[in-house]
Amino acid sequence: MDTSITVPIIRDWKKSDKTRRIVMVTAYDFSGAKIVDDAGADIILVGDSLGMVMLGYPDTLSVTIDDMVRHTSAVTRARPKAMVVADLPWMTYHLSQKDTIQNAAALIRAGASAVKLEGGVKRGEMIDALIDSEIPVMGHLGLTPQSVNITGGYKVQARETSAAQSLVSDAKFLDDHGCFAVVLEAIPLGLARQVTAELSVPTIGIGAGPQCDGQVLVYHDLLGLIPGNQPRFVRQYGNLYDQATKAIETFISDVHEGRFPGLDESYGSS
Ligand code: KIV
C-alpha cells in the first residue's frame, strides 16, 4: 500500500504529542475511497455498516467475510494514502482462534493494514491471537451494532454507573492487550472524556462527544446519501441524495424532451 499513515503512527499519536484530532471516514468502494482519501482523512474504515448502506440489510449481522474482502479490495485498489482498517463481521471472530486468524488474514491480504472488532474482555483470547499473528486490532466499545439482538436496538450505552465502569475496564483491557486505537460509539460524553484520559492509545468517537482523540462518521451519513432521520450524532455535510435525484430527473426529462444528446455529444462520420 502507498499509505502514509501507519498503525504505529496512530498508536503513538498521543505520545508523540499530536494535538490534531484523528479523522476516520468509512468507504466501501473504489470511488468512495478516492473521495475520502483525496479529502485528507487519516483512516478509511471499511465498516460492516456496508451491510446497511450498500447492501440494504436491516442490520450488520448478514455481512460475511466475503462481502468484507470484496469491499476492502475495492477500497485498497484506490491506493489510498490513508490507512485502511476493515471490520471483522459478526461470527468471524467468535468461534476459534484459527477461524479468527484466517478471517482477519483475508482482510489483510485484501489490503487492509488492520482489523476492527467489537467487544472488550470477552474478546480477549481472539485479540491476543490476532496480535500474536502480527495483525493489528482496533477495538470498538459502547454501542456495538453486532450486539443489536442483545441490546434490543441502537441506543446510547453505558449511562448507568455499573455499565460505565465495565466500559472503562473493557477499554483498559483493550489498551493493555495491544489494540492500537478504540472506537467509542454512542456513550455519554463524560465517560468518553474519562476513557480518553485513561488510555494510552487514541479513542475515536462516534456519538461520544468532542473530547475523543478522533472522530469517525459513516460516508453515507455525512454526505446525506440516504434520506430520512439520522441519529443525533450525525452532522450532514452534504445532501447528495437530493442532488443525485435532481440530476437524474433532469437527465430523464432531457431525454424525454429531446434535449439530450446534443450534436456536440454525438459523433460525426469523419
Ligand atoms: O461499521 C461501521 O461503519 C463502524 C463505525 C460506525 C465506527 O463500525
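**A close look**

Author: At 9% relative accessibility, Ala158 counts as buried (buried is under 20% relative accessible area, exposed over 50%, partly exposed in between, with a 1.4 Å probe and protein chains only). This is a predicted model, where local features need pLDDT of at least 70, side-chain atom pairs count only at pLDDT 80 or more, and totals for chains, interfaces and linings use all residues. Residues are numbered from 1 along each chain as its sequence is written, and side-chain values use heavy atoms, leaving out hydrogens and water.

Now the barrel. Eight strands close it in the order S1-S2-S3-S4-S5-S6-S7-S8, with parallel pairing. Strands (E, at least two residues) and helices (H or I, at least four) are DSSP runs, numbered from the N terminus. Two strands pair if DSSP finds at least two bridges between them. From one strand to the next, the twist averages 25°. Angles run from 0 to 180 degrees between N-to-C directions; axes are lines fitted to C-alpha atoms, for helices over the stretch in contact.

Take one pair. Strand S6 (residues 181–185) joins strand S7 (residues 203–206) over four bridges, in the parallel sense. Val182 has Thr203 as its bridge partner in S7. Helix H4 (residues 65–76) packs on the sheet and touches strands S2 (43–46) and S3 (83–87). Contact means heavy atoms within 4.5 Å. The direction of H4 makes about 155° with that of S2.

Next, the backbone. Ala158 has a positive phi of about 60°, though not a glycine. Ala158 sits in the loop between helix H7 (148–151) and helix H8 (161–176). Asp17 also has a positive phi, near 60°. Asp17 is exposed, at 62% relative accessible area. The peptide bond from Phe260 to Pro261 is cis, with omega near -5°.
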